[in-house]
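Subject: Model handover

Hi,

Here is the model we talked about. My notes follow below it.

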Amino acid sequence: MTRILIIITILALQACSIGNLPKNLSRSMMNQEDPELVRTAAPAYLLMLDALVATYPDDETFLIPAAKLYGAYAGVFSNDQAQTQRMATRAKIYAQHALCENEEDLCLALDQQVDDIVLELEDLDEDELNLVYTFASSWASWIQAHSSNWDAVAQLPKVKTLFNWVLSYDADYDNGTAQVYMGVLESQLPPSLGGRPDLAKMHFENAIAASNGRHLMAKVLYAQQYARLLFEQELHDRLLTEVLTANPIAEGLTLINQLAKQQAEVLLAESAEYFE
Amino acid sequence: MNLFKTFLVSSLIAFASSQTMAATLKIATVVPNGSSWMNEMKAAAKEVKKKTDGRVKIKYYPGGVMGSDKTVLRKMRSGQLHGGAISAGALAHIYNGVQLYSLPFTFNNLAEVRHVRKTFDPIISQGLADNGFQLLGLSEGGFAYLMSNKALTQAADIQGQKVWVPEGDLIGNEIFTVAGINPIASPISNVYTGLQTGLLDTVTINPSGAIALQWHTKIQHMADEPLLLIIGMLVVDQQAFKKISPEDQVIVKQTVAAAFKRLDAINEQGDIGARAALQKNGIQFDTPSGTEWREIAKQALSNLTKVNAYPAQEYQQMQQLLKEYRNSQQHTATP
């Protein structure tokens with residue numbers, strides 16, 4: 001699942017608003033058609049968020065957007081593994097701090113068994129969706145950035161538990177992106193090893209439906225993760241062709257759709273060799 | 001004219017054949033993409049292609065897309081596939097020598113394994129060759145341990161447990177039968193659900209496997225004594241392999257063998273990290289007391305000679321080699 005989880009972190013950006021900073025900055029970024037422009041402009045914004053977190057260390061108003069932007073940048077624009085790991089770690093620290101400031105019991109349960117987390121989640125409601133979702137996506141990205149570490153991989157079931165809780169409140173959360181995360185997480189193991197790609201398929205389909213088909217990265221990951229896992233070339237090629245011909249402009253999804261188009265082109269070019 | 005055309009076409013075909021001595025080895029495995037096994041096997045394929053100037057390509061079908069190990073072997077017989085990266089046990093009905101490293105309580109550590117491999121890898125390779133299989137790679141998948149929902153420090157603790165053994169695993173089946181229980185044989189694909197629903201509560205697996213398959217979320221204890229060694233092998237059908245030129249065969253053998261040697265080190269490191277991760281995740285490591293399990297395994301192995309489940313003579317030779325090695329190690333340790 002090379003970089004998959006961290007790449008989709010960028011989608012979480014759209015939900016953030018940054019206190020005193022211009023409210024539309026994140027939104028503008030997600031609606032930007034030129035990924036290169038965002039790549040070069042975002043670091044200055046990251047440093048600004050660091051400064052704001054340093055000034056208001058316990059304020060989720062800054063912790064949450066900082067976690068989201070660090071996670072997104074690590075996933076999409078960082079090409080250096082050490083840098084990706086550093087940024088993903090910072091994203092997780094920010095998101096976890098925000099969660100722990102607000103939900104101490106859940107925070108303590110994170111180091112316990114999955115059942116303990118489930119128990120603590122029962123006490124939460126939709127007001128905590130953004131906190132839990134941001135932490136879950138930061139945690140998933142951190143695991144991805146440390147995927148050669150078994151201790152990191154061992155934590156994946158806990159991340160799934162958090163996403164499932166989010167989906168139990170809002171199946172369309174974040175334009176269907178919570179579904180995309182679950183799609184990727186459920187397509188890691190083939191059925192022959194006890195994996196449930198049928199669940200992955202359901203999550204990807206849900207994500208596409210939630211965005212009325214405008215979530216092009218959901219289609220790309222559906223092709224890359226599910227169709228390749230099950231060797232379904234027809235589905236793979238159809239999804240990617242749809243992405244290539246689709247209009248990328250969509251509220252909150254334009255930037256990621258542009259990236260999806262770039263990725264779709266590469267995957268489609270490899271199709272014959274992969275499935276032959 | 002028609003005759004001319006036929007000759008022309010024939011000569012073109014002949015020309016094409018002489019030019020494209022290219023061969024593609026189609027190899028399937030249940031190992032998923034992204035795993036260290038697949039990464040190294042893919043690296044080997046890339047290297048083979050480069051070193052043979054594209055004359056030999058290796059095409060993988062990962063993630064069990066071609067079915068279980070058993071199905072892969074059937075498809076190899078029908079010619080649909082040329083090879084498989086499979087568990088050693090899957091080949092036991094073809095040549096029982098593949099079980100040599102996986103017999104219970106044979107090794108105490110990987111140094112012992114590596115010592116005997118120098119002698120026995122060639123024997124296993126020859127045994128497979130005699131049965132139509134070319135062994136290209138053999139690698140240690142790590143030691144498997146008994147993992148359960150309760151501490152299994154004595155043999156009696158296994159009573160009443162719902163113990164999984166892989167389908168068709170004669171050896172595992174016999175051990176638990178001697179221990180006095182009926183193990184539950186099922187494909188690996190059913191184990192996680194079995195652990196979830198309570199149909200199973202005890203498995204034998206290596207630490208990294210337990211995490212990769214997420215079984216670690218359903219177990220609380222690990223009996224900290226290596227029960228058996230997991231072995232993975234990459235074999236190809238000899239007839240298919242012989243279609244490759246002798247020079248290219250050497251390249252393929254060397255390149256794949258090197259990849260599997262790298263895997264030995266990667267898997268060893270992986271299991272060290274995975275053990276620590278299991279402990280960090282609250283799984284308790286229990287030290288088995290006494291030699292009961294070893295006595296049970298001994299009895300099981302004795303019973304299994306009657307059904308020729310493993311080559312008893314070679315196993316005795318291996319035990320002798322291990323004895324000499326252990327003595328030499330003790331000698332070195334106490335100057």
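Two strands pair if DSSP finds at least two bridges between them. Helices (H or I, at least four residues) and strands (E, at least two) are DSSP runs, numbered from the N terminus. This is a predicted model, where local features need pLDDT of at least 70, side-chain atom pairs count only at pLDDT 80 or more, and totals for chains, interfaces and linings use all residues. Residues are numbered from 1 along each chain as written, chains are lettered from A and ligands numbered from 1 in written order, and side-chain values use heavy atoms, without hydrogens or water.

Chain B strands

Strand 4 of chain B pairs antiparallel with strand 8 of chain B (residues 221-237) over 13 bridges. There, S148(B) has H221(B) as its bridge partner. Strand 4 of chain B also runs antiparallel to strand 7 of chain B (residues 202-205), joined by 4 bridges. In that pairing, M147(B) bridges to V203(B).

Chain A helices

Helix 12 (residues 197-210) and helix 13 (residues 216-229) of chain A pack at about 165°, axes 10 Å apart. Axes are lines fitted to C-alpha atoms over the stretch in contact, with angles from 0 to 180 degrees between N-to-C directions. Contact (heavy atoms within 4.5 Å) involves residues including F204(A) and I208(A) of helix 12 of chain A, and L221(A) and Y222(A) of helix 13 of chain A.

Best wishes
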